[in-house]
Amino acid sequence: MQEFSIIIEENPSDDDCRFVGQRLHEFNVSQTGLEVKPVAVFLRDMEKNIIGGMLGWTFLDCLHINILWVRDDARGKGYGKRLLFAAEREALNRACRHAQLETLSFQAPEFYQKQGYRLLGKIDDVAGKYTWCSWQRI
């Protein structure tokens with residue numbers, strides 16, 4: 001019988017991470033017949049510099065929001081909401097019925113509540129002072 005080793009790597013190579021991601025992608029497609037499709041929405045200035053962005057993916061009928069970020073000096077001006085809604089519109093075009101994301105307590109959970117997201121679950125006392133939250137919008 002072949003033996004395998006479990007190795008924790010603090011700085012894995014991009015190629016190794018892509019390899020594992022690709023294998024999971026292939027498995028998901030083999031089971032569902034559907035592709036995972038990335039979603040990327042950017043807020044740019046006149047020089048095309050990135051001021052904010054939303055990165056995520058759609059799979060089955062769900063939008064997963066991985067990252068939503070707006071530069072400090074552009075916050076509070078509605079750009080986060082516009083990025084979020086642009087991603088949701090794209091997800092609707094892809095026949096998605098759900099949206100899901102995770103935040104930490106310092107990452108504007110009130111923002112997501114105002115946009116109609118509901119709390120699915122939370123883990124308190126993360127690193128001694130934060131809460132990890134999972135949000136969903138139907």
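Analyst: The structure is a predicted model, in which local features require pLDDT of at least 70 and side-chain atom pairs count only at pLDDT 80 or more, whereas totals for chains, interfaces and linings use all residues. Residues are numbered from 1 along each chain as its sequence is written, and side-chain values use heavy atoms, with hydrogens and water left out.

The protein chain has three helices and six strands, where helices (H or I, at least four residues) and strands (E, at least two) are DSSP runs numbered from the N terminus. Along the sequence these elements follow the pattern α-β-β-β-α-β-α-β-β. Taken along the principal axes, the C-alpha atoms fill a box of roughly 60 × 40 × 35 Å. Of the 138 residues in the protein chain, 28% are buried; buried means under 20% relative accessible area, exposed over 50%, and partly exposed in between, with a 1.4 Å probe and protein chains only. Among contacts (heavy atoms within 4.5 Å) between residues at least 6 apart in sequence, 46% join residues at least 24 apart.

In soluble globular proteins, nonpolar side chains tend to be buried together. A nonpolar core is here a set of buried Ala, Val, Leu, Ile, Met, Phe, Trp, Tyr and Cys residues joined through side-chain atoms within 4.5 Å. The largest such core holds 20 residues, of which Met54, Leu63, Ile65 and Tyr117 touch the most other members. At least two residues of this core come from each of strand S1 (37-44), S2, S3, helix H2 (79-93), strand S4 (98-104) and strand S6 (130-137). H2 gives the most, with four residues.

Leu63 shows how one of these members is placed. Beyond its neighbours within four places in sequence, Leu63 is in contact with Val39, Trp57, Thr58, Ala87, Glu88, Ala91, Cys96, His98, Ala99 and Gln100.

Because Glu88 lies in helix H2 and Arg137 in strand S6, the pair ties together parts that are 49 residues apart in sequence. Glu88 is buried, at 12% relative accessible area, whereas Arg137 is partly exposed, at 25%.

The whole structure contains eight salt bridges. Among them is the bridge of Asp73 with Arg71, whose closest N and O atoms are 2.7 Å apart. Asp73 is partly exposed, at 45% relative accessibility, and Arg71 is likewise partly exposed, at 35%. Another joins Arg23 to Glu26, with 2.9 Å between the closest N and O atoms. Arg23 and Glu26 are three residues apart in helix H1 (residues 14-32), so about one helical turn separates them.

Not counting residues up to four places away in sequence, Asn28 touches Gly33, Leu34 and Phe59. Gly33 follows H1 and has a positive phi, near 75°. The 19 residues of H1 should span 27 Å at 1.5 Å a residue, and the end C-alpha atoms are 27 Å apart, in agreement; the expected span is 1.5 Å times one less than the number of residues.

Nonpolar side chains also occur on the surface. Phe42, Ile50, Leu55, Ile67 and Trp69 form a nonpolar patch there, with about 430 Å² of accessible area together. Strand S2 (50-59) and strand S3 (62-70) are the elements that give two or more residues to this patch. Patches are made of residues with over 30% relative accessible area and no salt bridge, like charges being joined within 9 Å and nonpolar side chains (Val, Leu, Ile, Met, Phe, Trp, Tyr) within 5 Å. Ile67 lies in S3 and is partly exposed, at 39% relative accessible area. For the protein chain, the accessible surface comes to about 10100 Å², of which 54% belongs to carbon and sulfur atoms; areas come from the Shrake-Rupley method with a 1.4 Å probe, and for residues only the protein chains shown count as cover.

Key
Salt bridge = Lys/Arg side-chain N within 4 Å of Asp/Glu carboxyl O.
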